[in-house]
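Please look over the structure below.

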Amino acid sequence: MQRKKDRIDALAATAGTAGDIPDAGHVSESGGLSLIGSAWLRLRRNPVFLVGATITALFVLLAIFAPLIAPHSGTANPLIGQVTTNHPIPNPQSGYPLGGDNQGRDLLSRLILGSRQTLIVGVLATLAGLAGGLVLGTLAGSFGGRVDTVVMRIVDVMLSLPSLLLALAVATLFGQPSQWTLIIAISVVQIPIFARLLRGSMLSQRSSDHVLAARALGVKRGPITFRHMLPNSLGPVLVQATLVLAVSIIEAASLSFLGLGNPDDSSPEWGQMLGRAQDLFDIAPHIAFWPAGCIVVVAFGFTLMGESLREALDPRNRR
């Protein structure tokens with residue numbers, strides 16, 4: 001008994017000290033990660049995002065440097081001598097790996113140059129739709145009440161119509177089809193998507209602590225909206241813009257296929273090329289295959305990248 005008591009007293013005497021363990025009770029310090037930082041760590045290990053980002057980057061670089069990369073002019077017809085009644089489409093040959101079209105123009109060069117027009121239409125239509133959606137979504141989410149009701153009823157009516165049908169109706173309002181009518185028609189279709197998403201994000205911000213604190217301090221509606229609510233609501237909207245860009249490219253190709261795009265084929269665009277190839281599909285299906293394949297691959301790349309961004313920025317997926 002005495003031996004146990006002496007042992008307990010010895011342990012009690014050393015209590016509160018690290019003893020022979022110099023690092024006892026020490027916790028190594030490490031910096032925390034923000035939502036964007038943790039999302040980037042996951043994206044770097046996500047093969048789906050890497051594939052989508054690679055396709056998107058190659059498409060953007062191809063569109064930017066298209067005049068330098070294209071081996072021939074998009075309007076020159078060096079193969080016109082091979083266009084005959086029996087063989088209206090020149091076959092692939094040296095210097096022209098994809099052959100030519102029915103006007104003797106190099107198909108590969110027109111595909112490369114068409115990437116620029118496709119990117120311009122998709123980006124401008126998405127930006128215009130984003131701007132319109134920001135205006136409507138900010139009004140509905142900031143004011144609420146009757147303003148919210150009126151804006152959202154307009155948005156609901158626009159969403160009740162199929163997107164391609166609405167774009168087709170808007171495009172037919174213009175007398176002369178052009179690239180700008182294509183951009184306006186597609187942007188009108190995208191406005192309700194951004195407006196509804198932003199309005200939902202801003203409504204969740206209205207009841208947050210920092211917004212309530214700002215109101216309690218007497219801050220006016222404008223500064224609260226543009227300094228607190230809107231910046232914190234843009235994340236999901238910007239991610240959605242990546243997905244909408246893929247849809248814009250597909251819808252632009254659809255309208256161009258129907259003849260509502262730029263009628264001047266001296267500035268090639270993939271949807272326009274696809275529409276002009278339909279008359280030759282029976283004898284030369286590859287004329288339609290290449291622009292259609294480019295549209296599918298690029299839209300697929302934007303979709304993969306957008307879905308990966310949305311999953312990575314979702315706080316529920318943080319580990």
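## Aromatic cluster

F59, W270 and F302 make up one aromatic cluster. The model is predicted.

The count of aromatic pairs comes to three. F59 and W270 form a tilted pair, 5.7 Å centre to centre, with 45° between the planes. This pair links distant parts of the chain: F59 sits in helix α3 and W270 in helix α11, 211 residues apart. F59 counts as buried because its relative accessibility is 4%, under the 20% limit. W270 is also buried, at 3%.

F289 and W290 form an edge-to-face pair, with centres 5.3 Å apart and planes at 70°. Here F289 is exposed, with a relative accessible area of 53%. W290 is partly exposed, at 33%.

## Nonpolar cores

The largest nonpolar core has 29 residues, and F59, W270 and F302 have the most contacts inside it. Helices α3, α5, α10, α11 and α12 each supply at least two residues of this core. α12 gives the most, with nine.

Beyond four places away in sequence, W270 touches F59, L111, G114, S115, T118, P291, C294, I295 and V298. A second, separate core has 15 residues, among them A125, A171, L182 and L260.

## Helices α5 and α6

The axes of α5 (residues 107-143) and α6 (residues 145-160) come within 7 Å and cross at roughly 145°. The crossing is left-handed.

On the α5 side, the contact uses L136, L139, A140 and F143. α6 contributes G145, V147, D148, V151 and M152. Seven of the contact residues are nonpolar, one is polar and one is charged.

Technical notes. Residues are numbered from 1 along each chain as its sequence is written. This is a predicted model: local features need pLDDT of at least 70, side-chain atom pairs count only at pLDDT 80 or more; totals for chains, interfaces and linings use all residues. Side-chain values use heavy atoms; hydrogens and water are left out. Axes are lines fitted to C-alpha atoms, for helices over the stretch in contact, and angles run from 0 to 180 degrees between N-to-C directions. Helices (H or I, at least four residues) and strands (E, at least two) are DSSP runs, numbered from the N terminus. A crossing is left-handed if the near helix is turned anticlockwise from the far one by less than a right angle, and right-handed if clockwise. Contact means heavy atoms within 4.5 Å. Ala, Val, Leu, Ile, Met, Phe, Trp, Tyr, Cys and Pro count as nonpolar, Asp, Glu, Lys and Arg as charged, and the others, Gly among them, as polar. A nonpolar core is a set of buried Ala, Val, Leu, Ile, Met, Phe, Trp, Tyr and Cys residues joined through side-chain atoms within 4.5 Å. Buried means under 20% relative accessible area, exposed over 50%, partly exposed in between (1.4 Å probe, protein chains only). Rings of Phe, Tyr and Trp (its six-membered ring) pair if their centres lie within 6.5 Å; planes under 30 degrees apart count as stacked, over 60 as edge-to-face and the rest as tilted.
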